[in-house]
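Welcome! Let's take a friendly look at this structure, one part at a time.

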Number of protein chains: 2
Amino acid sequence: MTNIKKVSELAGVSTATVSRTLKMPDVVTEQTREKVMKAVKAAGYRPNWMATSVKTGKSNSLVVLVPNLVNPFFMRIIEGIEQAAQEHGYSVLLGDTQGKASRENDYAGMVLSNRADGLIQLDHSFPFSEQDAELAESVPMVSVCERIEGNRKFPYVELDNYAAGRALAHHLVSYGHTKFGVIAGQRTSQIHRDRLAGINGVLSEEGIPLLEQNIVGQSYAIETGIEGVRELLSNETKPTAIFCLNDDIAIGAMHELKRQGFSIPDDISVTGFDNVKVSGYLDPPLTTVDQPAYEMGRRAVEILIKKIRQEPLRRSREIMPFQLLERQSSGPARNSADESDI
Amino acid sequence: MTNIKKVSELAGVSTATVSRTLKMPDVVTEQTREKVMKAVKAAGYRPNWMATSVKTGKSNSLVVLVPNLVNPFFMRIIEGIEQAAQEHGYSVLLGDTQGKASRENDYAGMVLSNRADGLIQLDHSFPFSEQDAELAESVPMVSVCERIEGNRKFPYVELDNYAAGRALAHHLVSYGHTKFGVIAGQRTSQIHRDRLAGINGVLSEEGIPLLEQNIVGQSYAIETGIEGVRELLSNETKPTAIFCLNDDIAIGAMHELKRQGFSIPDDISVTGFDNVKVSGYLDPPLTTVDQPAYEMGRRAVEILIKKIRQEPLRRSREIMPFQLLERQSSGPARNSADESDI
DNA sequence: GTAAGCAGTGTAATCGATTACAGTCTATCG
DNA sequence: CGATAGACTGTAATCGATTACACTGCTTAC
């Protein structure tokens, strides 16, 4: 292994000078700088990252906790995180938690053992274990999309999910829909509550009931959409419009509806959430809410780095703008009241 | 910061004993073990990861170089990588290269500076810069899906892309197709060459020509599929079947074909490659080749760790099995020879 | 001509661990 | 009873850097 000592011997200077040449080139003479640089090249020397980290106490790494890697929406966020981190000289440790607490504990522990300087949580849970909870209070941590549960004071970057829920609801109500179904994801998350509250807000203002039995599903997967549709259609009052709480669910829902011979949106309208790449290329293209996922990832990193550097935050909540994308999976409600069978 | 010294004072033992209690619990007395563990708990102590790494010379991290995070196929691979790494006590540093050499250099450099112990490359390029090339010879590196270019001797895990190309071609030829189009991704990659060679192999055996002008596209994106279809349909002889060299391209191609009023597969058959999650839920579901992406990621890690530990490899090429999924986007070729307009 | 100041470099302490080596204590054996 | 082995524990060197402090030599000011 080529270390700083070897280089210093090669260059005929002290290790201190080598270190200075590399970190603060302007404090050494041009002569020595040249000597040192030549030795560095000759030896193929790279400072040992770990050693530098021990000394400086900074790892220049961030951990990102993701419940599920395959969701393209998360990946957009992570892309933003990765870019911004890179630009600030940080690197990203990937923590696929699969939503399991033990995994979260493990990855979150990285910050406590100086393996990472900060933590970005994409899920809604507090990722530390009970016994680490106290230590964790001072850990730089930010959540994106979700809000960390409990009355913790961690900053977060999220969408105005309530308003987005309202926007979608208004959109469908204005098309004359009165019978709704909802296929939900993780029920325990704040996202779920906010989106549903937004939808419910509009519906109750309009005097439209949303029965508990018409809210089905509990995971953000394509299969949930399929099962959700089956469940909704087995109820006595069939919906003419289905809110899917993310695009994957909507993909499954649309697939199953078409398989059963329903036409979208003529028989039933479907909406999603997130605007993943494919949703614009489905048949029909999916009406959904666009989230600036990439930008949200970037913002999370900027906030986190401020936290790490102990710079003051202007605000601890960052609400990003959404955009309702009215595409062709939603349309006017059927006129007649009886489409009990096709 | 709570360090080992503080704990040792708290427990009334030496730092050596603390270290031993944590790493080799069986060499200390039960008494001291208890004392130490109590102090560890009381102080909320976690060994400093960086310090351990400096001493042991191992970072227990792997870098993964990905050209594009949003491709769900890559994410499946990374999921496998992440899982396997975790199980072996390694963590994953994510390197989104965007296909740029400078980025690759940066991330690959992590191994040279002891920030990571090994490297997994998902792209086909040799990720080190010219001046690092020599040092890089001894770096533990594995490529997945792709093969690192140049006559380097790095192990890789891949599909039999040639055979998979042949399988798809056989499938379409057996349906009576004779006029083909290909929408390709990255032309420089080995994958591209192998898949195309497989297709070409079958076609030439069958005496079916594949003109250069019917091979279009050069990136693995949905938009490539759209543009590719436009380009193919503007040629004088229109294809009755289109090979898309990945599923994203196929998604775009199907979308554009349907937009132009073509029926799939009645007018034109479409095939993909990779079997990403959504491809089974498209309308019609996409005929494609399934790659065991998750498993490939796992295998890559296993091989890499063997390399890191300098254990001998049984073989340096790992060819994974594929599976042709015949779904509904492909079917019999139209009988008539003239479907010049619809 | 001497003191002060400054630029450039070296010496050695330090970061937080691990671990070779040495030392202490107890148990066992002849 | 003394020697010896074995079980624990402590001391201090070490990993590969960074950096406070000290030192040297030169310039400038009085």
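## Where the two chains meet

Helices (H or I, at least four residues) and strands (E, at least two) are DSSP runs, numbered from the N terminus.

Strand β2 (residues 91-96) of chain A runs antiparallel to β2(B), joined to it by 3 bridges; strands pair if DSSP finds at least two bridges between them. Leu94(A) has Val92(B) as its bridge partner.

## About the model

This is a predicted model, in which local features need pLDDT of at least 70 and side-chain atom pairs count only at pLDDT 80 or more, while totals for chains, interfaces and linings use all residues. Residues are numbered from 1 along each chain as its sequence is written, with chains lettered from A and ligands numbered from 1 in the order in which they are written.

## Around DNA strand D

DNA strand D is surrounded by 27 residues, counted as near if the C-beta atom, placed from the backbone, lies within 6 Å of the strand. Among the closest are Asn3(A), Ser19(A) and Val28(B).

Helices α2 (15-23) and α4 (49-56) of chain A, along with α2 (15-23), α3 (30-43) and α4 (49-56) of chain B, each supply at least two residues of this surface.
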